[in-house]
Amino acid sequence: MKAIFFYAIASLFISSELTNAQEYHPMLNNATWIVKDYVSCCRPPQTKTIEAGADVVVDGMTYKKFLDPFANNATVLLREDSEERKVYKLEGDDEVLLYDFSLEDSATFGGLTATVDYVIVNNESRKRIVLNGFSETYQIPLTQTWIEGVGSIAHPLKPDHNMWNALSASGGYCVNLLCSFQNGAHVYGSTDCLEMVVLSTNNEDYQVNQISFSPNPFRNELSVRSEMVLEQASLKVYNSVGQLVREVNDQSGNTIVLKRENLSSGLYLIQLYDNGKLVKTSKIVVD
């Protein structure tokens, strides 16, 4: 009996050590998220892209800049401490702990209790943390779900975004993650994410019907024409699994030419930026 008890304790100890030693998958590794919102009335859902911008140094700390397309492109600054397995958000002069992937079962975060397991993401084991609670004031359940290296499966910049939707009779305003990429490689969600992207703009200052991509399909080169003069424009081209395969920067004027070069035949997603803002997204076909 003692031998059995000892074996059980040893097994638990080894299992705990293996869990603690498991490799951490960073979340802000040149991250890109494709996210879709849902409203109960007035307009159809919108699918938008959130991607990492330039590094910003504040008080000696380096943050990754993101623009929240669901909040009028508001700037969000995030910092990740891979050793602590935590992600911080800068709010004013203060840092707020946005994610804590060091949490274990029954730990608490923001008044919620964690349940931890592991899921296979992109052929790798990733930690999943489900936070659950209950609002005594409003008598509704509260929940968040995080995945290591991905973030929230709701709004990656605001993990509590959907948490209070039960207060709305119509279900509230939801934001849900469709898929994510790091360094252009697909990490999470549907591998057909390209097909989910709504061909629209994140920037209402531009008239998207005044921007054209032609010819489409094309064999040798694609012309991007804009009736509005582009000042500091760039093109990003993604293949059918969301990998960034071509980037053209520092363009100006009314026309940008994308040469085929080594692009193989198939379907691509092209995004036009001007002064760092997404102007138009479109599907193109290389013949």
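Is W164 buried, partly exposed or exposed? In this predicted model, W164 has a relative accessibility of 36% and therefore counts as partly exposed. The residue is located in the loop that runs between β12 (151-152) and β13 (174-182).

Charged side chains were examined next. The structure contains 11 salt bridges, among them the pairs K236 with E51, D117 with R128, and K259 with E221.

In the salt bridge between K236 and E51, the closest N and O atoms are 3.5 Å apart. The two residues come from distant parts of the chain and are separated by 185 residues: E51 belongs to strand β2 (residues 46-51), while K236 belongs to strand β16 (residues 221-238). The relative accessible area of K236 is 15%, so K236 is classed as buried. E51 is likewise at 15% relative accessibility and counts as buried. Both values fall under the 20% limit that defines a buried residue.

The side chains of D117 and R128 form another salt bridge, with an N to O distance of 2.7 Å. D117 is part of strand β9 (residues 112-121) and R128 is part of strand β10 (residues 124-135), so this contact ties together parts of the chain that lie 11 residues apart in sequence. D117 has a relative accessible area of 30% and is therefore partly exposed. For R128 the relative accessibility is 28%, which places this residue in the partly exposed class as well.

A further salt bridge joins K259 to E221, where the closest N and O atoms are 3.1 Å apart. K259 is found in strand β17 (residues 244-259) and E221 in strand β16, so the pair ties together parts separated by 38 residues in sequence. K259 counts as partly exposed because its relative accessibility is 46%. E221, at 36% relative accessibility, is also partly exposed.

Strand β16 thus holds K236, which pairs with E51 of strand β2, and also E221, which is tied to K259 of strand β17.

Methods. Residues are numbered from 1 along each chain as its sequence is written. This is a predicted model: local features need pLDDT of at least 70, side-chain atom pairs count only at pLDDT 80 or more; totals for chains, interfaces and linings use all residues. Side-chain values use heavy atoms; hydrogens and water are left out. A salt bridge is a side-chain nitrogen of Lys or Arg within 4 Å of a carboxyl oxygen of Asp or Glu. Helices (H or I, at least four residues) and strands (E, at least two) are DSSP runs, numbered from the N terminus. Buried means under 20% relative accessible area, exposed over 50%, partly exposed in between (1.4 Å probe, protein chains only).
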